[in-house]
Amino acid sequence: MLEREFPPYWRRALALTDPADTFVQPIYDLEAARTAGGRLLLAGDAASVVRPHNTSGAAKALQDATALADGWRRSESFGELLDGYHRARGAAGRELVALARRLGRAQVERTPAWAAMDGAGMAAWWQGQLDGAPGIGGRAMAP
């Protein structure tokens, strides 16, 4: 199973651990093609599931809540609210899933030689991974 399921770095690490002491949990990313329809709304993690590499769950939840509150004030019907929410948050969810997949490939599937990096090398590596990312949840995060 190790040969078939794990990249080389993780395969070597798991091979050092007794199978009885090993717990492996698969991690998936999922984007919903549509976040709203009829009387149903998918928000937060239900709308776009991303691996923990993003560390974006709280920011995404706050941005979704803000989008719903803003949409509620502007909408004249529940259907209009759902359509507006989908327009406002659908792209952000897709961007988060794309970022999660990119970070997962970079950190897990194509693991760099962490020990060989100094601070500047690590900062450059991270910048390369995040290049083009619009921020968290589709909004730039300002200091």
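Trainee: Is Arg11 buried or exposed? Please describe the salt bridges around that residue and elsewhere in the chain.

Mentor: This is a predicted model, in which local features need pLDDT of at least 70 and side-chain atom pairs count only at pLDDT 80 or more, while totals for chains, interfaces and linings use all residues. Residues are numbered from 1 along each chain as its sequence is written, and side-chain values use heavy atoms, with hydrogens and water left out.

Arg11 is buried, with a relative accessible area of 19%; buried means under 20% relative accessible area, exposed over 50%, and partly exposed in between, with a 1.4 Å probe and protein chains only. Arg11 forms a salt bridge with Glu3, and their closest N and O atoms are 3.6 Å apart. The term denotes a side-chain nitrogen of Lys or Arg within 4 Å of a carboxyl oxygen of Asp or Glu. Glu3, by contrast, is exposed, at a relative accessible area of 65%.

By this rule the count comes to 7 salt bridges. Another of them joins the side chains of Glu5 and Arg4, at 2.8 Å from N to O. Here Glu5 counts as partly exposed at 47% relative accessibility, and Arg4 counts as exposed at 64%.

A further salt bridge pairs Arg101 with Asp29, the closest N and O atoms being 3.9 Å apart. This pair links distant parts of the chain, 72 residues apart: Arg101 lies in helix H4, whereas Asp29 lies in the loop between H2 and strand E1 (30-31). Helices (H or I, at least four residues) and strands (E, at least two) are DSSP runs, numbered from the N terminus. Arg101 counts as partly exposed at 34% relative accessibility, but Asp29 counts as buried at 12%. Salt bridges that share partners join Asp29, Arg51 and Arg101 into one network.

Helices H2 (8-15) and H4 (78-109) also each supply at least two residues of the lining of the largest pocket. On a 1 Å grid over the protein atoms alone, a pocket is an open set of points with protein on both sides within 12 Å along at least five of seven lines, and lining residues have an atom within 4 Å of a point. The lining of the largest pocket comprises 14 residues, and Phe6, Gln25, Pro26, Ile27 and Val108 lie nearest its centre.

Conventions:
1 Å grid on protein atoms, 1.4 Å probe; cavity = no way out; pocket = protein on both sides within 12 Å on 5 of 7 lines; lining within 4 Å.
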